[in-house]
Amino acid sequence: MTTATPPIDVHVTSGSRTDTGRRRSVNEDALLAEYPVFVVADGMGGHDAGDRASAAVIEVFRPLVGRDDLRPEEVADAVERAHSAVAVVAAGTSRGAGSTLSGVVAVQQGGVRRWLIVNVGDSRVYRLLAERLEQLTIDHSVAQELVDAGQLTREQMATYEGRNVITRAIGGERSRADFWLIPIVTGERIVVCSDGLTGELSDEALRAGLMMGGSPAQTAESLVAQALAHGGRDNISTIVLDVVAGGISPRLEDTTGGIMNSESVTATVEVATARSRRRRADHG
């Protein structure tokens, strides 16, 4: 008889900050930074809906806090519930409502604890490892499509006139989320942020801010302060988390090819979600 070895406990420290910015009167961002869930939602819909849309997304994920046995399909189920929650908000408005969703959730797959990255829209997840900054998500935006087509450079994205136009959102149309499974690595620093941060700070400025040596809470405060100093044109939300222990050794991590193909992971998670729905239906 063989028994599975339980995953080693992951020790994570985190800090977060959200700010209305210098030009907005309402903060339409919301975030959740409690293990194992670290997500940011950036609401859309104006004064009467954007803040409620992002809050609805976060409330769906809040029951997952404190879990150490989450499965990828449970996170995908939460995304589906978030679509429904935002659709309810949108139904009561004249302009509609939506929200981005981006972040990392610690899940178990095959007895191994990993990060499940989830993304809908243009909020982002970055990882700093061995002084190398890598964007782990791909924006769902018109600007990103132009970059992919070679019509816009990455450096031009922040000043592109249509930079706020996104192609997927949490809401009534149930846009497909992208999922990636990656190892949890001891020593890595992960950032989850809304476009209010990346619209003001370049990747190099972000990397420099992350390497200044402050705690996650100090770093989150500093990054938001820098974004405000650069203009603060939008709401700004940032989560910074450090993996202190319990991940794999950094020397085992392939930082150039460690992220699984997003489409295959998305398909796997969606299949598992469909199975869980059928099980609930069979027992309901």
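Which residue's side chain meets that of Arg168 in a salt bridge? Select Arg168 together with Asp178, whose side chains meet in a salt bridge at 3.3 Å, N to O, where a salt bridge is a side-chain nitrogen of Lys or Arg within 4 Å of a carboxyl oxygen of Asp or Glu. Arg168 lies in the loop between helix 3 (142–148) and strand 9 (178–183), while Asp178 belongs to strand 9, so the pair ties together parts that are 10 residues apart in sequence. Asp178 counts as buried because its relative accessibility is 7%; buried means under 20% relative accessible area, exposed over 50%, and partly exposed in between (1.4 Å probe, protein chains only).

Two notes on conventions belong here. This is a predicted model, in which local features need pLDDT of at least 70 and side-chain atom pairs count only at pLDDT 80 or more, whereas totals for chains, interfaces and linings use all residues. Residues are numbered from 1 along each chain as its sequence is written, and side-chain values use heavy atoms, with hydrogens and water left out.

**The whole chain**

Zoom out and colour by secondary structure: the chain comes to seven helices and 11 strands, these being DSSP runs numbered from the N terminus (helices H or I, at least four residues; strands E, at least two). Of its 284 residues, 51% count as buried. The chain exposes about 12900 Å², of which carbon and sulfur atoms supply 50%, the areas coming from the Shrake-Rupley method with a 1.4 Å probe and, for residues, with only the protein chains shown counting as cover. Among contacts (heavy atoms within 4.5 Å) between residues at least 6 apart in sequence, 73% join residues at least 24 apart.

Glu73, which is placed in helix 2 (residues 72–91), has a side chain joined to that of Arg71 by a polar contact of 3.0 Å. A polar contact is a pair of N or O atoms within 3.5 Å; within protein, one must be able to donate a hydrogen and the other to accept it, and residues adjacent in sequence count only if both atoms are side-chain atoms.

Arg67 is partly exposed at 25%, as are Arg71 at 35% and Asp69 at 38%.

**Ser102 in strand 5**

Move to Ser102, placed in strand 5 (residues 101–109), which counts as buried because its relative accessibility is 0%. Its side chain makes a polar contact of 3.1 Å with the side chain of Asn119. Not counting residues up to four places away in sequence, Ser102 touches several others, including Phe38, Val40, Val118, Thr137 and Val192.

Now show strand 7 (residues 124–129) and strand 8 (residues 132–135), which pair in the antiparallel sense over four bridges; two strands pair if DSSP finds at least two bridges between them. The two strands form a hairpin with two residues between them, and Leu129 stands opposite Arg132 in strand 8. Ala130 is exposed, with a relative accessible area of 73%, and Glu131 is exposed, with 53%.

From there, select helix 5 (residues 203–210), in which Leu206, Gly209 and Leu210 are buried. Seen down the axis of helix 5, its buried residues fall within an arc of 95 degrees, so they line one face of the helix; the arc is that of the directions from the helix axis to the C-beta atoms. What covers these buried residues includes strand 7, strand 8 and helix 6 (216–229).

**A last stop**

Finish at Tyr35 and Pro36, which are joined by a cis peptide bond with omega of about 5 degrees. Pro36 lies in the loop between strand 2 (29–34) and strand 3 (37–44).
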